[in-house]
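Biologist: I would like a close look at one part of this protein. Please keep it brisk.

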Amino acid sequence: MKSALGKLSVRSRVLVGAAGAAVVAAGTFGAVTATASPAAERQAPVSVAGNGVTESSHLSVDAATRAAQAALAAAKKEGQKVSVAVVDRNGNTLVTLRGDGAGPQSYESAVRKGFTAVSWNAPTSELVKRLQSAPNLKDIPGTLFLPGGTPVQVKGAPVAGIGVAGAPSGDLDEKFAKAGAAALG
């Protein structure tokens, strides 16, 4: 039995062989090209001379954990079942603790309260008052304008937000959030 290649004309066999060689060569060339760039690796990184660059402080995970645990302990001391969230300056969650028996909605609410507090660098109880003059604030994604969030500041600038949710009143939630912030000294 002849192979399928044997049934082809000489011209067709040459073309098939050339195409196969081209595929092998392209693969080899691609592999060499992908690995043969030591000159590019040795180029110095671009350095910016301070123009247009800002610096910011961020809360460490250890500090965020300490704050969350202090807030949870303050709530537990008063018999409250809450969730606590600590978000960084950019609103990203660093730590979330859901206390024993805390309601399922409290987790997300705590994150959103922390996000709201750090975004406006103000306790969420104060922000609730601003809704009277600017009711559309509540429409901003990720925010929650209910008492229970407090910012953490360094030299007056926000570095984190602590949100607490699940107590029967926002005033209690905010009291526990402030206890978490106080634990940072």
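Which side chain meets that of glutamate 174 in a salt bridge?

Modeller: The side chain of lysine 178 meets that of glutamate 174 in a salt bridge, at 3.8 Å from N to O. A salt bridge here is a side-chain nitrogen of Lys or Arg within 4 Å of a carboxyl oxygen of Asp or Glu. First, the ground rules. This is a predicted model: local features need pLDDT of at least 70, side-chain atom pairs count only at pLDDT 80 or more, and totals for chains, interfaces and linings use all residues. Residues are numbered from 1 along each chain as its sequence is written, and side-chain values use heavy atoms, with hydrogens and water left out.

Both glutamate 174 and lysine 178 lie in helix H6, four residues apart, about one turn of the helix. Helices (H or I, at least four residues) and strands (E, at least two) are DSSP runs, numbered from the N terminus. Glutamate 174 has a relative accessible area of 4%, so it is buried. Lysine 178 counts as partly exposed because its relative accessibility is 43%. The cut-offs are under 20% for buried, over 50% for exposed, and partly exposed in between (1.4 Å probe, protein chains only).

The salt-bridge rule gives a count of four. Another of them joins aspartate 173 to lysine 113, at 3.0 Å from N to O. This pair links distant parts of the chain: aspartate 173 sits in helix H6 and lysine 113 in helix H4, 60 residues apart. Aspartate 173 is buried because its relative accessible area is 3%. Lysine 113 is at 4%, so it also counts as buried.

Now the surroundings of the helix. An open sheet has four strands in the order S2-S1-S4-S3, with antiparallel pairing. Two strands pair if DSSP finds at least two bridges between them. S3 and strand S4 (residues 157-165) pair in the antiparallel sense over six bridges. Helix H6 (residues 170-182) packs on the sheet and touches S3 and S4. Its direction makes about 135 degrees with that of S4. Contact means heavy atoms within 4.5 Å. Axes are lines fitted to C-alpha atoms, for helices over the stretch in contact, and angles run from 0 to 180 degrees between N-to-C directions.

Helix H4 (residues 104-120) also holds serine 106. Serine 106 counts as buried because its relative accessibility is 1%. Leaving out residues up to four places away in sequence, serine 106 touches Ser83, Ala165 and Gly166.
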